[in-house]
Amino acid sequence: MTSVHDIESALWQLAPRELARSWDNVGLLVGRPDREVRRVLVALDITEAVAEEAEAQGADLIVSHHPVMNCHWHMVQTLRSDDLQGRLLRRLVSRDLSAICMHTNLDAAQGGVNDALAAALDLRQVELLEEEEGIVRVGLLPAPEPLPAFLSRVRAALSPNGIRYVDGGREICRVAVGGGACGGSFRQAAERGCDAFVTADVKYDQFLDSRAMGLSLIDAGHFPTEDVICPVLAAYLRERFPDLKVAKSAVHREAVQYHME
């Protein structure tokens, strides 16, 4: 029998707890450690739609990147049915659906979110941007290419609904990647000689300063830059637990839309 605890232990081996930020909420957040697991659903987030999908599949466990308790991570105050988070947690508990969440530890882990993002863009010689920060990766394209070609590469690899960017004014070869909200590392990327930085949730002033520093800063969206980890997680669980039925969510997708005339 495979238990929730067995799966959590295997995920700690992939993304050790000590890699998580001090404020983060990771591991088994909902459910019984001794519950038997036959089916697992993997998703970037645990939403009402994902919970419904898990129920329809007969899943016993949802494995996600973002913590289901996302109210300042540790500050869940109620389980009210008229509160979005409370309603979701009540649903998981009433259906005996367990939830394991691997967040900033999976961002930092070798083979985690940012290595998956680098691989999706076909980067070579991948290394950490900064040892202390431990999340953003830097790598080389197989050959230099103009920014429009690189933007096409990003679109083909990540399928974002849209891309926000500034042109740093040079060909792209050395690339930094940071899935999710890593825009604050743009200065370090520029100082390390990167031609482009692919991340998400970029602020206006970061775009302005990046352009002035000669760095093409590319916001490909939070979901697209992190969802690359979900197939990796699913494959990892299938390899470790061959008897499990593991699926990636088919209903959870990019929420942000773009309107262009």
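Tutor: Directly after helix 5, Asp-122 adopts a positive phi of about 65°, and please keep in mind throughout that this is a predicted model.

Student: Why is Asp-122 called partly exposed?

Tutor: Buried requires under 20% relative accessible area and exposed requires over 50%; Asp-122 has 31%, so the residue falls in between and counts as partly exposed. Asp-122 sits in the loop between helix 5 and strand 5 (124–128).

Student: Which residues of helix 5 are buried?

Tutor: In helix 5, which spans residues 113–120, the buried residues include Val-113, Asn-114, Ala-116, Leu-117 and Ala-118, and the term refers to a relative accessible area under 20%.

Student: Where is Asp-201, and what is its phi?

Tutor: Asp-201 lies in the loop between strand 9 (196–199) and helix 8 (204–212), and its phi is positive, about 55°, although the residue is not a glycine.

Student: How do you know which strands are the edge strands of the open sheet?

Tutor: The open sheet has five strands in the order 1-4-3-2-11, with mixed pairing. Strand 1 (27–30) and strand 11 each pair on one side only, and they are the edge strands. From one strand to the next, the twist averages 25°.

Student: What makes strand 2 and strand 11 a pair?

Tutor: At least two bridges between two strands are needed; strand 2 (residues 39–43) and strand 11 have four, in the parallel sense, so they qualify as a pair. Val-40 stands opposite Val-246 in strand 11.

Student: Which strands does helix 1 lie across?

Tutor: Helix 1 (residues 4–14) lies across strand 1, strand 2, strand 3 (61–64) and strand 4 (98–101), and runs at about 10° to strand 4.

Student: Which residues make the nonpolar surface patch, and why can Tyr-258 be part of such a patch?

Tutor: Val-256, Tyr-258 and Met-260 make the patch, which covers about 310 Å². Members need over 30% relative accessible area, and Tyr-258, in the segment after strand 11 (245–248), has 32%, so Tyr-258 passes that cut-off while still counting as partly exposed.

Key
Residues numbered from 1 in each chain as written. Predicted model: local features only at pLDDT ≥ 70, side-chain atom pairs only at ≥ 80, totals over all residues. Heavy atoms only, no water. Patch = residues over 30% accessible without salt bridge, like charges linked within 9 Å, V, L, I, M, F, W, Y side chains within 5 Å. Areas by Shrake-Rupley, 256 points an atom, 1.4 Å probe, with all protein chains shown as cover. Salt bridge = Lys/Arg side-chain N within 4 Å of Asp/Glu carboxyl O. Helix = DSSP H or I, 4+ residues; strand = E, 2+ residues; numbered from the N terminus. Buried < 20%, exposed > 50% of the residue type's maximum accessible area, 1.4 Å probe, protein only. Axes fitted to C-alpha atoms, helices over the stretch in contact; angles between N-to-C directions. Contact = heavy atoms within 4.5 Å.
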